[in-house]
Amino acid sequence: MSEALFEECDVDLAEKAIPGNLKILEGFLKNDPDNPELLRMLSMGFCGYSILFVEGGDRKRASALYYRACLYGLAAIGINKKLETINSEELNKALHSVGKNEMPVLLWATVSWSSWVNLNLHKPAAIAQLGMIKSCIDKLEKEDPNLFYGLPYLLKGVYLSARSPMLGGDYIKAKEYFEKSLLSGNRNLFLTQYFYAKYYCVGTQNKELFTSLLNDIIKSTQQYPEELCLINMAIRQKAELLLKNVDDFFI
């Protein structure tokens, strides 16, 4: 079911189908609450649904969905607590025990957690979690940086470019990680070009690169894996909208 959804190229059809499928998975989880595969699919599903269909129109709902996705992902590595109550010591202990096979669920927990924080940087409780998110990203980068088309590298690029230097931002290093992600994924995952444009290019006011990256998505004729069809088609729509409103992002 999960594979079929991500291979769906009809974006509108997928948007309508995903919520019902996620509720079915939550029903399965009630009968098997510690099932790591169910927790991984729920973390990936709620996170992906929010990125592709919710965040651009409803930040409050997107925030709630990212939070939910993160809790499922963290539960799979043994942390069953609200984000605001987790401390660095218990997170580091859990990360130490995470093996190679658990990297995919840690990946989606981290994407969700990072996305939630990015939407809540006005809250001290969210800012306080930046260090723990960095620990998760560093673990992913160390163990499997090429996972899901270089998504750990992309996470690091977003982490370094979505916040001010005072909060750990660094545009020079961010660019390096975005380029690593593009190389790792062979430009197959359009999410990389999109976030590269949205965070780094807007942050550095690089309009030329912004336009180039978004056109790379919109005009691409590259054959990518079937499992990326939904993600790439939805991101192509977002890229078209971002490029249409280019003057809103540059002085």
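**Entry 1: ground rules.** I'm working from a predicted model, so to speak of local features I need pLDDT of at least 70.

**Entry 2: H2 against H3.** I started with H2 and H3, whose axes lie 10 Å apart at an angle of about 150°. Angles over 145 degrees count as roughly antiparallel, so that is what I call H2 relative to H3. I noted the crossing of H2 and H3 as left-handed. On the H2 side, I listed the contact residues, among them Val11, Ile18, Leu22, Leu25 and Leu29. They face an H3 set including Leu38, Leu42, Phe46, Tyr49 and Phe53. I sorted this contact by class and got 14 nonpolar, one polar and two charged residues.

**Entry 3: H3 against H4.** Next I followed H3 to helix H4, residues 59-76. Here I read an axis distance of 8 Å and an angle of about 160°. H3 and H4 are therefore roughly antiparallel. Their crossing is left-handed. From H3, I wrote down Leu39, Ser43, Cys47, Ser50 and Val54, among others, as meeting H4. The H4 partners include Arg61, Leu65, Tyr66, Ala69 and Tyr72. The class count for H3 with H4 is 14 nonpolar, three polar and two charged.

**Entry 4: H11 against H13.** I logged the H11/H13 crossing as left-handed. H11 brings Phe190, Leu191, Tyr194 and Lys198 to the contact. H13 answers with Asn232, Ile235, Arg236, Lys238, Ala239 and Leu242. By class, I have six nonpolar, one polar and three charged residues for the contact of H11 with H13.

**Entry 5: the largest pocket.** Which residues lie nearest the centre of the largest pocket? I found Gly56, Tyr194, Lys198, Lys238 and Leu241 there, out of 23 lining residues. The elements giving two or more residues to this lining are H2 (11-31), H3 (36-54), H11 and H13. The largest share, six residues, comes from H13. I put the pocket volume at about 440 Å³. Its lining splits into 13 nonpolar, four polar and six charged residues.

Note on methods:
Residues are numbered from 1 along each chain as its sequence is written. This is a predicted model: local features need pLDDT of at least 70, side-chain atom pairs count only at pLDDT 80 or more; totals for chains, interfaces and linings use all residues. Side-chain values use heavy atoms; hydrogens and water are left out. A crossing is left-handed if the near helix is turned anticlockwise from the far one by less than a right angle, and right-handed if clockwise. Helices (H or I, at least four residues) and strands (E, at least two) are DSSP runs, numbered from the N terminus. Contact means heavy atoms within 4.5 Å. Ala, Val, Leu, Ile, Met, Phe, Trp, Tyr, Cys and Pro count as nonpolar, Asp, Glu, Lys and Arg as charged, and the others, Gly among them, as polar. On a 1 Å grid over the protein atoms alone, a cavity is a set of points where a 1.4 Å probe fits but cannot get out, and a pocket is an open set with protein on both sides within 12 Å along at least five of seven lines; lining residues have an atom within 4 Å of a point. Grid points are joined across faces, edges and corners, and a volume is the space filled by probe spheres set on the points. Axes are lines fitted to C-alpha atoms, for helices over the stretch in contact, and angles run from 0 to 180 degrees between N-to-C directions. Angles under 35 degrees count as roughly parallel, over 145 as roughly antiparallel, 65 to 115 as roughly perpendicular and the rest as oblique.
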